[in-house]
Amino acid sequence: MITQKLQISSDEYAKTVERAAEILKKGGIVAIPTETVYGLAASALDSKAINNVFKAKGRPQDNPLIVHISNTEMLKQLVTDIPKQAQALAQKFWPGPLTLVLNSSKKVAKEVSAGLDTLAVRMPNHKTALDIIEKSGLPLAAPSANTSGKPSPTSPFYVENDLDGKIDAIVYDGECCVGVESTVVSFCTNPPRLLRPGAVTAEQLREIIPDIIVDKAVLQEPKSDERVESPGMKYKHYAPKTESYLVEGDSSFFAEFVNKQENAAALIFEEEKDLITIPKLVYGRSEDESTLAKEVFSCLRKVDDLEAEKVYIHAPSKNGVGLAVYNRLIRASAFRVIKL
Ligand code: TXA
Ligand code: MG
């Protein structure tokens, strides 16, 4: 298959959006930008298109997709009821990096929610994404636009690396500003449950849902026979080829530890640059977790180029969006944590 390259530019904007929408209406699959990561979009009403999304990504069939909408009218069609606290979250954080899991009205193709009675929905905070949804007139199912298991793509060039020749088109619209996937909150459990942390933080959620539960799979490895609320959490994720370890401890301990490792590389904070003597990549400033979120997936893709046997990743704090970064890194490290 030849993948069309659709470049967003100011003079051809409307035409490009229309082109992407046309392909989607015809049952095609198109990588689109969002504020979090690029998504691989398809009509949520079209079983065949959804199956093609699973195939292109190599995604396990039992891992459901998020449906993207451009207005709240669409939400009402897709779910049977919207609890008050879910409404409050949508009002406060949409459009934005927040996904709500609600009871499905079963309007979308059953493959979207992998046979579950629930549906994950979000309204992205990205003009191009919203315009493509609006123009197509369709709810768009879109998982992250990477090969399953690889880091999520924060640039269209990472999408191209993974999926060129396997999908109908890629919309090129620069880098994603958030860098980690949306926060996922389920209202199908009582009390509501944080299934995946993201840029809408646990602290912000607690202001509206004081008794929200942070699912234990956010920070722990699910046992192989355990039922998990969010199927995505049981899969190996985001891992570079280099064997990686998540290291907790302050900068001086971290530097002392990594500097004596052989054939090793490190993923570090900017302020540690002068302390670390082995090959390294900087992923942001420890004090500003949003800088870590923006670069973490890109660094996980680049780390194999350092050709080390092992990579030691300095763990971020679990505060704010740091929890989301920690959640991705502990998976990338297959739950190997070193505490100094
Ligand atoms: O920011 C994002 O959410 C990006 C962009 C493209 O919007 N999308 C994304 O999709 O990260 P994906 O497929 O990579 O992750 C979807 C997550 C998975 O962990 C999946 O298990 C969970 O959402 N999920 C989807 N439907 C669910 C449901 N009905 N119940 C529980 N978890 C669900
Ligand atoms: Mg994904």
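Predicted model: local features only at pLDDT ≥ 70, side-chain atom pairs only at ≥ 80, totals over all residues.

Reader: How do I decide whether a given residue is buried or exposed?

Author: Look at its relative accessible area: under 20% is buried and over 50% is exposed. Take Ala56 in helix α2, residues 47–57. Ala56 has 8% relative accessibility, so it counts as buried.

Reader: Which residues does Ala56 touch?

Author: Leaving out residues up to four places away in sequence, Ala56 touches Ile29, Leu40, Leu163, Lys166 and Ile167. Now try a distance: Ala56 and Gln91 are 35 residues apart in sequence, and their C-alpha atoms are 34 Å apart in space.

Reader: What about the contacts of the chain as a whole?

Author: Count the contacts with a separation of 6 or more: residues 24 or more positions apart account for 67% of them.

Reader: And what does the radius of gyration tell me about the chain?

Author: You hold it up against the value for a compact globule. With 340 residues, such a globule would have a radius of gyration near 20 Å, and the chain has 20 Å, so the two agree. Along the principal axes, the C-alpha atoms fill a box of roughly 55 × 45 × 40 Å.

Reader: How many helices and strands does the chain have?

Author: There are 10 helices and 16 strands.

Reader: What can I say about the surface and the charges?

Author: The accessible surface of the chain comes to about 14700 Å², and 48% of that belongs to carbon and sulfur atoms. For charges, compare mean positions: those of the 42 positive and 45 negative charges are 5 Å apart.

Reader: Now the rings. How many aromatic pairs are there?

Author: The count comes to five aromatic pairs. To read one, check the ring centres and then the angle between the planes. The rings of Phe157 and Tyr172 have centres 5.7 Å apart and planes at 65 degrees, so this pair is edge-to-face; the cut-off for that is over 60 degrees.

Reader: Where do Phe157 and Tyr172 lie?

Author: Phe157 is in helix α6 (residues 156–163) and Tyr172 in strand β8 (residues 169–172), so the pair ties together parts that are 15 residues apart in sequence.

Reader: What kind of pair do Tyr238 and Phe297 make?

Author: Their ring centres are 5.0 Å apart and their planes stand at 35 degrees, so this pair is tilted. It links distant parts of the chain, 59 residues apart: Tyr238 sits in the loop between β11 (213–214) and β12 (243–248), and Phe297 in helix α9 (residues 289–302). Tyr238 is buried, with a relative accessible area of 4%, and Phe297 is buried too, at 0%. Elsewhere, ring pairs link Tyr245, Phe257 and Tyr312 into a cluster.

Definitions and conventions. Residues numbered from 1 in each chain as written. Chains lettered and ligands numbered in written order. Heavy atoms only, no water. Helix = DSSP H or I, 4+ residues; strand = E, 2+ residues; numbered from the N terminus. Rg over C-alpha atoms; globule rule 2.2 N^0.38 Å. Contact = heavy atoms within 4.5 Å. Areas by Shrake-Rupley, 256 points an atom, 1.4 Å probe, with all protein chains shown as cover. Lys, Arg positive; Asp, Glu negative; His and termini not counted. Charge placed at Lys NZ, Arg CZ, Asp CG, Glu CD. Phe/Tyr/Trp six-rings, centres within 6.5 Å; stacked < 30°, edge-to-face > 60°. Buried < 20%, exposed > 50% of the residue type's maximum accessible area, 1.4 Å probe, protein only.
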